[in-house]
Amino acid sequence: MPSLITNLSSWGRYPVYSCKLERPERYADLSSTASSQIARGQGRSYGDAALNENGRILLTERINRLLEFDLEQGTLRAEAGVTIAEILPIIVSKGWFLPVTPGTKFVSLGGCVAADVHGKNHHHEGSFGEHVLSIEMILADGVRTSCSPSENAELFCATVGGMGLTGIIGEVTLKLIPIQSGYVEVQNHTAENLEQMFSLMQDETIDDRYSVAWIDSMARGARLGRGVVMCGHHALKDELPNNFHSISKPKSNRSIPFDFPSWMLSQLSIATFNALYYQRVGGKRAPFLSGYDPYFYPLDTISHWNRMYGKRGFVQYQCVIPDSTAFEGIKALLQKLSDSRRPSFLAVLKRLGAEGRGLLSFPMAGYTLALDLPIRDEGLFVLLNELDEIVLRHGGRVYLAKDARLSADSFRSMYPHYEEWLKIKNVVDPNNKFSSSLSRRLGIGSEAA
Amino acid sequence: MNEAVLILGATSAIARATAVSFASRGDSLYLASRDEDELRRISTDLRLRFGVEVHFGLFDAEATETHDTFFKSIVAVMPNLSGVVLAFGYLGDQVAARDFSVGAKVIAINFTGAVSILNICANYFEQKKSGFIIGIASVAGDRGRQSNYVYGAAKGALSLYLQGLRNRLCANGVRVITIKPGFVDTGMTYGLPGLFLVASPHSIGECIVSSLNKSADIVYLPWFWRYIMLIIKHIPEPIFKRMKL
């Protein structure tokens, strides 16, 4: 197959590696022909999960056909390269929605499975993998195999959240959820500090199907952890005013046309933005209706928003701290960040529910914090190592789909099911033909590079 | 009124994009190629995305003796057939093309196979006194170059054939359009060095379908290839023969 050797990075634009890309157009061309390869969908993981330095990368973007849509049962079967953005208009118009969606719709179905992504409803519905009915895989020996929670269950549990390291995800069958409209009814609540934030997020009376909190990462001292909790659910028909169409139309796209210079995202500009955002969003006291698109994918309306962080790229640090230590852990992380005086443009806090099936999946019952940190200097990596220590001390873990710099030792401590995963990996891919820059860095499937 | 279109060589990236473009207008389709698995996948996808009628069947351009039966089977399921897009093509390995067995295959698919099936289509539409034939040739057919002259010769011959067909069918109200794509981002060109101004299959597919609403008989895609090829065609042979193109 024709190939292209090029420098490649993912959404965080760090790191950048030379990779050998192939882009099959036929399903039968999804195969493991090299000693090392990894599938890549839309490249929306942040770090090196979909990179393979000096190795083969299989782009799945043209393997994106919808294969079955059962309107009665709400099941959808499609090839792994199809994006959520392509799926949504088709299923929403028929009264169905994705059971779990990440914060961008420009992700592939295969990527959602491989990273076992979660959404704002993890505390109720679990991660993406919990709603996958079956997966067709192309294994290292070229055999096509299907796996599900009941058939080849071990392979299924190793593949959901398995970062593409068990084989190529070819087709995915998904259980959808019924909706009555394309709108979400949203209710915002403000918290003046972290204590209030946690009590709001634990408050069953305000909790909803979807819940997420934006945190003002620049707030310090008594205001540490202030922010806005945004709750929502798919609006029912009788919650819509009569003049509303039941399907919302996506907005037109804006774009960041060039790399922002680094001064643009300074402490001052972020502090100003955060203060304004806190006032504006927090000020909305009454519930309001939002189209599903702006509600679930607010940043998708700005293409290439990653350019905002400048040429050197950024790291998204996302970790989870288990319930029992969540408050202390999150507080320590925010304190550390605030003391470092490194501005984080985005800080998001979410509740997560129980662990799912995926052996290397990220979610565990607790609270997850995500921070976007531009790379200005090496000092950032020192800070991130310190954040790792806090996460480890509180029994938490770091999300591999976002990661670009975790150490192999930390990985082992954070992912206790790794040994179990490795046994399955050794059966389906004994020669470690599916590997990535991430897997080598973390020593997944072999000793760390 | 919606069209009912046969796409020959339906599994290539350009053909798939063309099918998407037709389907998004609500046209029904018959997809044909050698790869049954791909045909099934693409057909299902088009039905689910656009809610249109899509049929598919096996077609081998080289097996010219089967073309008659093949075409009858299409008209049987799609009696309202109103147009054909010939999208199959075979680039072949140019080094190997020095070996006649490879060159023969390039000619058999791109020219002989195309003439065989288009003759049958032309007779059908001529009798109906309506319809269209869109043939995808190539800018490579405009001038022989050392890098792909066997392919270029076959596609150039196809262009001449389409020209003659256009002349013959004009009086019968049948449109014949020759499409000459430049570099398109497909599996055929992926990773090739020295490509420039590469177009997406999506944009090519849209232009192919919209060419039906325009008057041009020979369409370069994207449009600027008309001028690039105009220059290339006018380089005097004594100079051209020394160039590395």
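User: What makes residues of chain B count as in contact with residues of chain A, and how many are there?

Analyst: The model is predicted; local features need pLDDT of at least 70, side-chain atom pairs count only at pLDDT 80 or more, and totals for chains, interfaces and linings use all residues. Residues are numbered from 1 along each chain as its sequence is written, and chains are lettered from A and ligands numbered from 1 in the order in which they are written. Two residues are in contact if their C-beta atoms, placed from the backbone, lie within 7 Å. By that test, 15 residues of chain B touch 14 residues of chain A.

User: Which helix gives the most to the side of chain B that touches chain A?

Analyst: Helix α2 (residues 36–50) of chain B, with eight residues. A helix here is a DSSP run (H or I, at least four residues), numbered from the N terminus. The classes on that side of chain B are five nonpolar, four polar and six charged residues. Ala, Val, Leu, Ile, Met, Phe, Trp, Tyr, Cys and Pro count as nonpolar, Asp, Glu, Lys and Arg as charged, and the others, Gly among them, as polar.

User: Why is α1(B) called roughly parallel to α2(B)?

Analyst: Helix α1 (residues 13–24) of chain B packs on α2(B) at about 30°, with the axes 10 Å apart. Axes are lines fitted to C-alpha atoms, for helices over the stretch in contact; angles run from 0 to 180 degrees between N-to-C directions. Angles under 35 degrees count as roughly parallel, over 145 as roughly antiparallel, 65 to 115 as roughly perpendicular and the rest as oblique. The value is about 30°, so α1(B) is roughly parallel to α2(B).

User: Which residues of α1(B) and α2(B) meet?

Analyst: Arg16(B), Ala19(B), Val20(B), Ala23(B) and Ser24(B) of α1(B) meet Ile42(B), Leu46(B) and Phe50(B) of α2(B). By class, that contact holds six nonpolar, one polar and one charged residues.

User: What makes α3(B) oblique to α4(B)?

Analyst: Helix α3 (residues 67–77) and helix α4 (residues 100–128) of chain B cross at roughly 45°, their axes coming within 10 Å. That angle makes α3(B) oblique to α4(B).

User: Which residues of α3(B) and α4(B) meet?

Analyst: His67(B), Asp68(B) and Phe71(B) of α3(B) meet Ser116(B), Ile117(B), Ile120(B) and Cys121(B) of α4(B). The classes are four nonpolar, two polar and one charged.

How values were computed. Helices (H or I, at least four residues) and strands (E, at least two) are DSSP runs, numbered from the N terminus.
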